[in-house]
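Subject: Structure handover

Hello,

Here is the structure I said I would pass on. Please open it alongside this email, and my notes follow below.

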Amino acid sequence: MSFDDNVAIRVDGVSKVFQVYDNPKNRLKQAIYPKVQRALRLGEHKYYNEFSALDNVSFEIRKGETVGIVGRNGSGKSTILQIICGTLSQTTGIVETSGRVAALLELGSGFNPEFTGRENVFMNAAILGLTKEETKSRFDSIVSFADIGNFIDQPVKSYSSGMVVRLAFAVSINVDPEILVIDEALSVGDEKFQRKCFSRLEELKRRGTTILFVSHSGPQVIELCDRAILMDYGEKLIEGNSKEVIGHYQRLLYATEDKSPSIRADIVELSKAKSGDVEELDLYNTSSAVTEIRQANMSDSSRKKESMEDCFDENLKPTSTIAYEPNGAVISAPYIYSKDGRKVNNLIPREKYVYRYRVRFTKSAENVRFGMLIKTLSGLELGGAHTANSFIEAIPAVKKGEAYIVEFAFNCNLTQGVYFMNAGAVGTVDGEETHLHRLLDVQMFRVLPSMENLSTAIVDFGCVPNIVSSQ
């Protein structure tokens, strides 16, 4: 892996091994005895066990990219971020960064709890490379963004966790970082603050800031990141299109314990088949199928005559479908139907349709509920529904061998474009609530262009424009 001027972060063959001690005595022995053993030429004895947190991890992030890292707890996400930021040293491998790095890692990391918020702002800004004068000129912007009021002159130890994150984030984004590293920090705080954070991140992206983002939120990664990296047990499993990687992550996350190893192996094989080339990994967005879809969405004159007739196109099939391992049920025949019962996947804006699928149960289950979800081409979750809000409203018990037809009526309040649908069944098996079966991107549909519809963006809110003369 070569390093060039367009690369902001280079991670090459990085491994990290921690020494784990059973008790404090062994830690003291390890600090003293090996020196004695070497002096006396005795066989060296280790008083610790080794834990491999990272195993030969390699990737590159180009300048201006926003990349998400996802994975189950203990997969090594935070460890690799700490190594990139320089707060932790790798055991082997090379890490190189190009540009000023600002990091939001653990809550309050870098803050002195005895210092006031004001004092911590100046201290952290200095660590990130700002002079005292530069910090003074940006101080009001930092305080305004953090929105913690008079607490700015109170010791940080009196802050709530949300206030600490507010202040830390405000400092990080106001030092004009060339590389911004965020580790789950945005999961803290109310919706209003989170929206403000993501708005600022979008602004940094437009400025060309490189952003490395760790989150357990699939929709956040899909919406914010250009691509994503999936890690598990300290290894990089796959990298590429955010939507595709999140699909594999969720498939692994919700897998049963006995199926998890085989799913993990499938993901690794898929990664090998794609030869590790990031440009080639984005197969979904560059596939001929999507090219045809995009061409089909062009509202040229040759299509206007048929644009307002809902119909079924056999070639309009998703290539990004990800199926969870069945765990008590099997979903089949997911299709959209018109009001008169026709199977369709070319829909008319503002018309009503029914999404229907069949569920056959291979195990007895309790508290059974079903769901659906509609997403954009990029994977942004637009909305959906489930059949019950609680166990009380759920189907109390389903026997092995039974089958249900599930229907979701919906209004096609979307503008012209291509969209994807999920299907899922949840229930309690052997006393544990679980996904009985789940299919991601199992169906796709096209919303046809309408010359009469003046809606913009994605969702059609049924806005009725009106211009009133002021005279």
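Which residues line the largest cavity? They are Tyr254, Ala255, Thr256, Tyr324, Glu325, Asn327 and His435. Before going on, please keep in mind that this is a predicted model.

Cavities

The count comes to two cavities of 30 Å³ or more.

Salt bridges

A search of the whole structure finds 24 salt bridges. Here are some of them.

One is formed by Arg227 and Glu65, whose closest N and O atoms are 2.8 Å apart. This pair links distant parts of the chain, 162 residues apart: Arg227 is in strand E8 (residues 227-232), and Glu65 is in the loop between E2 and strand E3 (66-71). Arg227 counts as buried because its relative accessible area is 5%, and buried means under 20%. Glu65 is also buried, at 15% relative accessibility.

Arg118 and Asp153 meet through their side chains in another salt bridge, at 2.7 Å from N to O. Here too the pair links distant parts of the chain, 35 residues apart, with Arg118 in helix H3 (residues 117-127) and Asp153 in the loop between H4 and H5. Are these two residues buried, partly exposed or exposed? Arg118 is partly exposed, with a relative accessible area of 32%, and Asp153 is partly exposed as well, with 41%.

Lys375 forms a salt bridge with Asp441, and the closest N and O atoms are 2.9 Å apart. Lys375 is in strand E15 (residues 365-375) and Asp441 is in strand E20, so the pair links distant parts of the chain, 66 residues apart. Both Lys375 and Asp441 are buried. There is also a network, in which salt bridges that share partners join Arg138, Asp176, Arg200, Glu203 and Arg207.

Backbone angles

Asp441 comes up again here: its phi is positive, about 55°, although it is not a glycine. Strand E20, where Asp441 lies, covers residues 432-447. Asp441 counts as buried because its relative accessibility is 3%.

Asn56 likewise is not a glycine and has a positive phi of about 55°. Asn56 lies in strand E2 (residues 49-62). Is Asn56 buried or exposed? Asn56 counts as exposed because its relative accessibility is 53%, and the cut-off for exposed is over 50%.

A positive phi, near 85°, is also found at Gly86, which follows H2. Helix H2 itself spans residues 77-85, and its buried residues are Lys77, Thr79, Ile80, Leu81, Ile83 and Ile84.

Surface and loops

Leu28, Ile32 and Tyr33 make a nonpolar surface patch of about 290 Å². Of these, Tyr33 lies in helix H1 (residues 24-39). Tyr33 counts as partly exposed because its relative accessibility is 37%.

The last item is Ser158, in the loop between helix H4 (132-146) and helix H5 (161-173). Ser158 is partly exposed, with a relative accessible area of 41%. How far apart are the C-alpha atoms of Ser158 and Pro113? They are separated by 8.1 Å, while the two residues are 45 residues apart along the chain.

Regards

Conventions
Residues are numbered from 1 along each chain as its sequence is written. This is a predicted model: local features need pLDDT of at least 70, side-chain atom pairs count only at pLDDT 80 or more; totals for chains, interfaces and linings use all residues. Side-chain values use heavy atoms; hydrogens and water are left out. On a 1 Å grid over the protein atoms alone, a cavity is a set of points where a 1.4 Å probe fits but cannot get out, and a pocket is an open set with protein on both sides within 12 Å along at least five of seven lines; lining residues have an atom within 4 Å of a point. Grid points are joined across faces, edges and corners, and a volume is the space filled by probe spheres set on the points. Patches are made of residues with over 30% relative accessible area and no salt bridge: like charges are joined within 9 Å, nonpolar side chains (Val, Leu, Ile, Met, Phe, Trp, Tyr) within 5 Å. Accessible areas come from the Shrake-Rupley method with a 1.4 Å probe; for residues, only the protein chains shown count as cover. A salt bridge is a side-chain nitrogen of Lys or Arg within 4 Å of a carboxyl oxygen of Asp or Glu. Helices (H or I, at least four residues) and strands (E, at least two) are DSSP runs, numbered from the N terminus. Buried means under 20% relative accessible area, exposed over 50%, partly exposed in between (1.4 Å probe, protein chains only).
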